[in-house]
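Here's a quick tour of one protein model, strand by strand and hole by hole. Have the viewer open as you read.

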Amino acid sequence: MNKKVIIGIVVGILLCICGCVYYFTTVPYIVLKENRVELEIASSFDAMSYVEKLNHCKKEDIKVDESQVDVKKLGTYPVVYEVKDKEYIMNVKVVDTVAPTFDVKNLDIDLGMEVNVESLVENIKDQTQTKTYFKEDYSFDKEGKQEVFIIVEDESGNQSERKAVINVVRDKEKPILLGLKDFSVYKDQKIDYLKGIKAKDDRDPQPEVKVDSSHVNLSKVGTYEVIYTVKDRSNNENQYKQKVIVKERKNVQAIGQNSHKVVYLTFDDGPSANTKKILDILDRYNAKATFFVTGASPKYNYLIKEAHNKGHTIGLHTYTHDYPTVYASVDAYFNDLDKVGQMVKNQIGFVPQYIRFPGGSSNTISARYCKGIMSTLSTEVQNRGYQYYDWNVSSSDASGGRPPVSQIVKASTSSKANNIVLLAHDAQAKTTTVQALPQIIEHYQALGYSFEALDASSYTPHHGINN
């Protein structure tokens, strides 16, 4: 029995050895260099580079699943290798061992200000989220320069430290407000109290501005007071008071034709190099006219005063004469009108109440920029005390280039109405209009017409509104 047992044991051992020899000499398998590896965040990863040995197989026989590995995020991820239905697992741990880098900037602050550490740090570079903090608690309650140390730490606890200098200054200067003005508005008209207002301070780039208009009643005629308060970051404060004059709305009415034979020459788009020539011709024939002016040629603005002094009427056309700007909105129109009004006031001492819409009240081009705006403006300008003037005769000089003198004369002298509001232009290019003017005046004077400037009692032609 002992011999049989011994023989059996020996045979078994031999069979095991033969099996192992067979397995390792015939069955495919792989050997990994490591079962667990560390990989620096954001570095490249090649799963096959961790295969140390191939047995009875080729690289093409190995299936690798590394889909769970995120090299941009800290964590441990499995990589699965499969050879002939046998799996091998290697864990990849994504780590961060590199400290953040960053730049610092020195800071100039007012005494008593709180300091946000982030305001001292810029250009932080790291592969993970970082936090920034002072190395210790600092107090900035004394004037002078102070060194501070800043730490930037990433998710793995890697730290970098840098030094900055904070200069603490006592601010004693009060901020000021620029662009303040008294307001003159019509009843129920809205006011943007901060429009055109700019706060300025020697140290604070954004002083706080508050407006107290609680004592203003825009629904009641009267004179009120609005209070502006401007305060800087050191609590230095200034206060200003401005008047708000609320006026009754004026519903100006248009005036129809009368029996007097009158020509109202009107010139748009000036002043220009032609204005002086036009004034000389008007003097020669003892004729008066109306100039609807723009802000296009400021070097000729002195002629506005000269025309006014000669007894001609100054009206407002537009400051920019840019349709997309003027007709962008109702507010945009009145902003432009206010600007040209102030320009004229600087020349003659007051803002005229006579206006002409760019393109006339019947224009359709305004619809490209604001639907229905002319329907609103034609009413609102009269509510605000203005009167707008279209025309019942056109000189045709608005057509492109320089129309022939004969064409301008023919178009201008075609009417037999008692009251004629004649549209012409005073732009620099309209030299033929100047040349045609004597013939136009002579034609109508021969028929018994006088040439007068528009005033509140004049005929007021209004076109049909098309937008």
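What follows covers a sheet, a pocket, a cavity and a few single residues.

This is a predicted model, so a pLDDT of at least 70 is needed for local features and 80 or more for side-chain atom pairs, while totals for chains, interfaces and linings use all residues. Numbering starts from 1 along each chain as its sequence is written, and side-chain values use heavy atoms, with hydrogens and water left out.

Let's start with an open sheet of four strands, ordered β14-β18-β17-β16, with mixed pairing. Helices (H or I, at least four residues) and strands (E, at least two) are DSSP runs numbered from the N terminus, and two strands pair if DSSP finds at least two bridges between them. At the edges sit β14 (183–186) and β16 (208–212), each pairing on one side only. On average, neighbouring strands of this sheet are turned by 25° against each other, direction ignored; the axes behind that angle are lines fitted to C-alpha atoms, for helices over the stretch in contact, and angles run from 0 to 180 degrees between N-to-C directions. β14 and β18 (residues 237–247) run parallel and are joined by four bridges, with F183 standing opposite V244 of β18.

β14 also turns up in the largest pocket: together with α5 (330–348), β14 makes up the elements giving two or more residues to the lining. α5 has the largest share, nine residues. In total 27 residues line the pocket, and K181, S184, V185, Q189 and D338 lie nearest its centre.

The structure holds one cavity of 30 Å³ or more. Its lining includes L265, S395 and I408, and α7 (405–412), β25 (419–425) and α8 (431–446) each supply at least two lining residues. α8 gives the largest share, three residues. Here are the two spaces:

| Space | Volume | Lining by class |
|---|---|---|
| Largest pocket | about 1,100 Å³ | eight nonpolar, eight polar, 11 charged |
| Largest cavity | about 40 Å³ | six nonpolar, three polar, no charged |

For the terms: on a 1 Å grid over the protein atoms alone, a cavity is a set of points where a 1.4 Å probe fits but cannot get out, a pocket is an open set with protein on both sides within 12 Å along at least five of seven lines, and lining residues have an atom within 4 Å of a point. Points are joined across faces, edges and corners, and a volume is the space filled by probe spheres set on them. Ala, Val, Leu, Ile, Met, Phe, Trp, Tyr, Cys and Pro count as nonpolar, Asp, Glu, Lys and Arg as charged, and the others, Gly among them, as polar.

Back to β25: seven of its seven residues are buried (under 20% relative accessible area; exposed is over 50%, partly exposed in between, with a 1.4 Å probe and protein chains only). N419, V421, L423 and H425 cover one side, and I420, L422 and A424 the other. β25 pairs in the parallel sense with β19 (residues 262–270) over seven bridges, where D268 partners H425. β24 (residues 393–394) is also parallel to β25, over two bridges, and S394 stands opposite L423.

Lastly, P461, in the segment after β26 (450–451), is buried at 3% relative accessibility.
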